[in-house]
Amino acid sequence: MNQDKEYIKIDHVGRVFQTAQGKVSAIEDVNVKIKEGEFFSIVGPSGCGKTTLLRILAGLEKATTGSININLRDRSKPLTSVVFQEQSIFPWLTVLDNVAYGLKMRNVPRKEREAVAAYYIDMIGLTKFAKSYPCQLSGGMKQRVSVARAFANDPAILLMDEPFGALDEQNRIILQQELLDIWCRMKKTTIFITHSIDEALCVSDRIMIMTAHPGTVKEIVDIDLKRPRDISKIRTSLRYNELFQQIWHSLSEEVLKVKRRELKNEKNG
Ligand SMILES: Nc1ncnc2c1ncn2[C@@H]1O[C@H](COP(=O)(O)OP(=O)(O)OP(=O)(O)O)[C@@H](O)[C@H]1O
């Protein structure tokens with residue numbers, strides 16, 4: 001890990017979609033450099049292009065303009081693994097086989113991949129359920145399996161798109177802490193989309209605030225809260241509250257822009 005070295009360089013990236021109503025510019029001129037081993041979160045109003053940017057990073061979408069450069073040293077690893085909001089584990093595979101799936105695809109021998117999978121299943125507290133199928137698990141447990149699978153796959157970059165967005169608050173807090181703990185051990189470069197300033201503050205090294213549609217970088221805030229972090233205590237710190245206010249002030253301006261536009265469209269429509 002080299003915390004100082006520029007690792008991902010997103011350079012003047014834009015994406016325009018062609019729709020039946022004409023062209024939609026989802027993101028415009030996004031410029032950001034992310035360090036290796038960094039936990040980098042993205043917040044922004046709905047529709048500002050967060051998912052589009054993540055999909056471009058995952059290679060699921062092409063940028064219309066600009067480029068992304070990743071300073072990869074170990075080319076044997078997969079470039080990215082993505083954890084989405086909706087559960088994306090295979091219902092016909094056990095927990096163990098789901099977590100080991102990426103390794104199997106890379107022809108890692110069975111014993112080795114099962115040992116790696118068992119290690120991450122233990123980290124997320126599901127050892128007893130290793131032989132269970134997804135239909136036997138709760139929503140929170142399934143999402144834990146997705147997180148374990150992403151880490152077991154050992155990608156260069158972990159991409160997470162509102163991974164806990166569909167969970168109830170209790171499960172969300174538990175999974176946030178588990179993610180923090182795994183991340184602290186592995187220091188995997190992570191790009192994390194969330195609608196929650198609180199969630200972003202708990203887990204991130206830096207938080208990027210995007211402007212209202214079409215999204216671009218409004219501000220990037222350093223989160224200088226000490227690690228390791230305990231989610232149950234972090235909210236009581238003065239610094240947490242200062243950072244929350246700073247981010248909400250910046251983000252709320254963008255959210256209000258969206259609301260004003262919607263009102264105008266309603267009046268005109
Ligand atoms: N495949 C597509 N075709 C046409 N338009 C698209 C497509 N994907 C995204 N868009 C448009 O691009 C803009 C950004 O969408 P995107 O889903 O990236 O935003 P977001 O910030 O992730 O939204 P949310 O927070 O609501 O999930 C929106 O106006 C959306 O309608």
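In the predicted model, helix H2 passes helix H4 in a right-handed crossing. The axes of H2 (residues 95-105) and H4 (residues 139-152) come within 7 Å and cross at roughly 30°; because angles under 35 degrees count as roughly parallel, the two helices are therefore described as roughly parallel to each other. On the H2 side, the contact is formed by Val95, Asn98, Val99, Ala100, Tyr101, Gly102 and Leu103, and these residues meet Val145, Ala148, Arg149 and Ala152 of H4. Sorted by class, the contact of H2 with H4 comprises eight nonpolar, two polar and one charged residues.

The strands considered here belong to an open sheet of six strands, arranged in the order S5-S6-S7-S3-S8-S9 with mixed pairing. Strand S5 (80-83) and strand S9 (217-222) each have a single partner strand and stand at the edges, so that one side of each is left without a neighbour in the sheet. From one strand to the next, the twist averages 20°. In general, strands of a sheet pair through backbone hydrogen bonds, in either a parallel or an antiparallel arrangement. The pairing of S5 with strand S6 (residues 157-161) is in the parallel sense and extends over four bridges, and within S6 the bridge partner of Thr80 is Ile157.

A further helix, H1 (residues 50-57), lies across strand S3 (39-43), S5, S6, strand S7 (189-193) and strand S8 (206-210).

Terms used:
Residues are numbered from 1 along each chain as its sequence is written. This is a predicted model: local features need pLDDT of at least 70, side-chain atom pairs count only at pLDDT 80 or more; totals for chains, interfaces and linings use all residues. Two strands pair if DSSP finds at least two bridges between them. Axes are lines fitted to C-alpha atoms, for helices over the stretch in contact, and angles run from 0 to 180 degrees between N-to-C directions. Two residues are in contact if their C-beta atoms, placed from the backbone, lie within 7 Å. Angles under 35 degrees count as roughly parallel, over 145 as roughly antiparallel, 65 to 115 as roughly perpendicular and the rest as oblique. A crossing is left-handed if the near helix is turned anticlockwise from the far one by less than a right angle, and right-handed if clockwise. Ala, Val, Leu, Ile, Met, Phe, Trp, Tyr, Cys and Pro count as nonpolar, Asp, Glu, Lys and Arg as charged, and the others, Gly among them, as polar.
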